[in-house]
Amino acid sequence: QGSKHNESDVLGTLQIFEREEPADAVYRFGKLHGLYDWQRRQILGNVCELSSLTCHRNDALLWSAPVSIGKSGDTEEKIVEFELLEGVEAADAVDSFVREYELSEEYRKLILNAACVAVKCTRTEPVIWKKSISIDSKWNVDIEILRGQEPATVIYTALRPHGVAYTERRKIFQQAIEDGVPHSIDAAPLFSKNITLQHDENDDGGPPSSWLLTLYDNGEEPADVLYDFAKKNSITDQFDRLSDVLLPKLCELVICTRNRPRIWKNSIQSDGKQELGTLEIFGGDEPIDAIDVFLRGVTVDIENRHAFRQNLLGIVCQSIPCSRSVPVIYRKTIDDENGTRLGELTILEDEEAIDAAVRFIRKLNGRSIDEIALKNYVLGNACGINRIKCTRNVAIVFKRLFRKEDDSHIGTLVVFENEEPADRVYQWCTANHLDMGYFRNILNIVCDSDLVVCRRRDPISLAIPMRGPEGEFVNTFEIKVGQEPVDALFGFFSANELFQKNWDFHGVLHQICAMDMVNCKRHKALKHYDGNFTMGEVSVGPLVIWEDQEVIDVLYSIRRDYNLTEEHQMTSFIEICKKPEVPCDRSKAKIFEKTEITKLDYEKFGNETCARQFVGLKYRSSFVNMPMGPMLSDFLKREKVQMVMEHPLFCVSLLILLQVIVHCISRIPSMKQHLYPGVQVAITFWLILIVSILQVVLVEPDNAVDQAMHTYEGKLPDLIIYEDEEPVDALIKWGKEAARKHHPIVREPIYNEIFDELCNKTDKLKCTRSRAWESLKMGTMTYYGVPFDIEFFNPDVDPVSRNQCYSTDDKYSNHCVEIAADKFCRRLIPPPNDCKNDIIKHMMSQLELVNSNRLDAKCSYKRLGLEMDAPGRELYKKAAFVAKGKGLNISPFRRTDNRTGAILYNWSKETKEGHAAIDTFHKIKDPESREWNDKPCEPVLGGALCAKTDKDGNMMIEV
């Protein structure tokens, strides 16, 4: 019959001979023409449908050979034909033939070798067991076990890629074994490797240790295998390290349901030998928690469950470590407001819920959480659960029984969360009659515990809520045990800025010291104390700073005494002053102070005598503080009373008056018999004596009073010179201040004499110039809570010094400003980032602002860019220079502008400023007008106008 590969191609003629199996002829034809198997099968089907042919098989005979089977007992030798059909592996066909005729292994090898010469063999071992497995009704997997293969290994290799569970694989293995498949192992080996652990850096050395780790497909969790391996080789401390490296690899070989190993497993029976179940404890679990969960799941009645649980725990803890003996009965994962996990809140058996909540909060290590909300949640939710105790809403953070050295009980100390540990421990020690040595030791134990927060280590003996004048709460004033009340109050005032609010410190101190429980030993406060003070690595010893001392002054004195640097001084200054309880009003030390300055000493010749003060007792405080003293003092200070008492005949007149009174009394009939002549002489003598004493003691001037009044009437402010301050700059400031009550001062003999004293008679001062520079206040910088004044001394007011301020590479700066900024930043320890450049920019902007507004200033000297000590010859030069810069000249005949010119002539801004400079010059052009200009004015009409008093005492309003 003709056969076509396709409809258009004729392949050839298929011939089937008599007694030839059609399948063999079709196979031969297909091989000849390169047909596919399905094409051959189709041709064979068509052929077998022919009535003239009989098909005995559908597979072609690939190879056959006669096999001689020798005699064996009664069996005679015979020839048997071995046939190898299409689709059958030669090894399988030979195995079937050999087993059918019970041939030896040699026959197997001979027949198989001959067959593999004739046909292609893919293997040499036969399939001894075969099974098709359907997986999820999607895939079919054929499992073929060859002779010599381990069934467990073949089954694992075939099914593991498809995720077939171990239990299903085990069923197939059992079926193969039941079918007679030989095996030597029950589980396939999946992993086998020598594990070598390198020594840690702290080890003494020696060769690294190595152990063999093997994993089988026996249903064990890889984590358990690793743990057993570590335990067997005594390297459980390395389990985490092994797990990190090996567990991911092992979990690729078998399905891992957990990462934690099972560290303990045993069957548990009751005391009556009744089976309760199997207890398993996994790594990371606390044994008592696992035991508690196990027993709660046991329905069998157990007598005294608590005792049974503790006994079981004792057995378990002999094998694995246990950290506690009380189980957790409540767990809750806590997240913050952003959903970030903070941890797990746990409540132990017999533990108060609030104690557990506070324990969780205290172990957050400062991470933010709404404590009140968490406590409310725990008390509102956990308290409804069985076995959880909720008998209070304040947590205990410390509880411990203390014993003495002889093991006798002292008592149990309990500290609640809302108590300051130092106070509670002190109260407990006091109640148990323990000294401060015990107190310190116990407090250290309490404060070192995990849940206790000690804000201070000194107990409080007195706490008083302080309120302001309007009833507003300020803070709680506390006095520590052993602390002087005045020191505590001073720190309280400083920390709460009560000095700035003008609270009466000593008035409050008086009220506190009046309390029965307060013992005030002194009334002067310690601002700061350091028992072993060190500055610049030099041990100074105790540092004591009293309330009336400035920190910077004391530190400057130490710096001078020990020859230290400014950096050492300012480092200590910042460290001390950044404490809120230590007030620091200034950051520069006084290097010189002149007190008790009296202008009357410099009036004309510098050796003026004191004015005499009759009836000087009216100025004494002892007299004024007497009953009726203030009224009598005011009476004696009246001008007419003073004139009478200062008159030379005052005491004589008083004596005559008294004698007249005595004489009149003696003329009274009832008194005559008592005032006989001898008595009258005695009375006269005593009157003379009394009036004389009155004259000497009360009326005549007292040198001490005269000196005191001399000092008082001419009293000038103290002259203070600070660090880095030129004496003449400090002197000009002092002169302006002193002139407010005792004008004039600047350019007067007193000014020049004091300047000479500062520069030529004071060793600690060094004068580099005699002209003052303009002081410009440019604000204050607060650094670590300490105010640092930004002040610049402008040398432009001095024609000699102004040349020092040359421009630098930075066109927006000059040399003088850079020096001032550098000095300022050197005092800030540690210096802020880019401090010098920032301060230079600030100073230059302020200086530019001052210069742009000079002619709008009230001070005549400031308008012209001069200082008050400028000599007269410079006034015209500077005024002319300013006016010329505005396009004007000073006319000698020009009158002072009365501010009408700008209106009448519509002057420009430049012209107005030029005329302002000229007007300013005319106000100070001669000594008399300059003296009037320099005189301080007194504000009148609420400060709207300025008034000065002329030489005749008349008050003149200055416009």
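Tutor: Buried means under 20% relative accessible area, exposed means over 50%, and partly exposed lies in between. Keep in mind that this is a predicted model.

Student: OK. Where does Phe499 fall, buried, exposed or partly exposed?

Tutor: Phe499 has a relative accessible area of 29%, so Phe499 is partly exposed.

Student: And Phe493, buried or exposed?

Tutor: Phe493 is buried, because its relative accessible area is 1%. The rings of Phe493 and Phe499 form a pair with centres 5.3 Å apart; the planes stand at 55°, so the pair is tilted.

Student: Which cluster are those two in?

Tutor: Ring pairs join Phe493 and Phe499 with Phe490, Trp503 and Phe505 in one cluster.

Student: How many aromatic pairs does the structure hold?

Tutor: There are 19. One of them is Phe477 with Phe492, an edge-to-face pair at 5.6 Å centre to centre and 70° between the planes. This pair links distant parts of the chain, with Phe477 in strand S16 and Phe492 in helix H15, 15 residues apart.

Student: Why does Phe477 count as buried?

Tutor: Because its relative accessibility is 0%. Phe492 is buried too, at 7%.

Student: New topic. How many cavities of 30 Å³ or more are there?

Tutor: A search of the whole structure finds three.

Student: Which helix gives the largest share of its lining?

Tutor: H6, with four residues. Helix H5 also supplies at least two.

Student: What classes of residue are in that lining?

Tutor: Seven are nonpolar, four are charged and none is polar. Among the lining residues are Tyr156, Arg169 and Asp217.

Student: Last one. What sits over the ring of Trp773?

Tutor: The charged end of Arg769, 3.6 Å from the ring centre.

How values were computed:
Residues numbered from 1 in each chain as written. Predicted model: local features only at pLDDT ≥ 70, side-chain atom pairs only at ≥ 80, totals over all residues. Heavy atoms only, no water. 1 Å grid on protein atoms, 1.4 Å probe; cavity = no way out; pocket = protein on both sides within 12 Å on 5 of 7 lines; lining within 4 Å. Points joined across faces, edges and corners; volume = space filled by probe spheres on them. Nonpolar A, V, L, I, M, F, W, Y, C, P; charged D, E, K, R; others polar. Phe/Tyr/Trp six-rings, centres within 6.5 Å; stacked < 30°, edge-to-face > 60°. Buried < 20%, exposed > 50% of the residue type's maximum accessible area, 1.4 Å probe, protein only. Lys NZ or Arg CZ within 6 Å of the ring centre and 35° of its normal.
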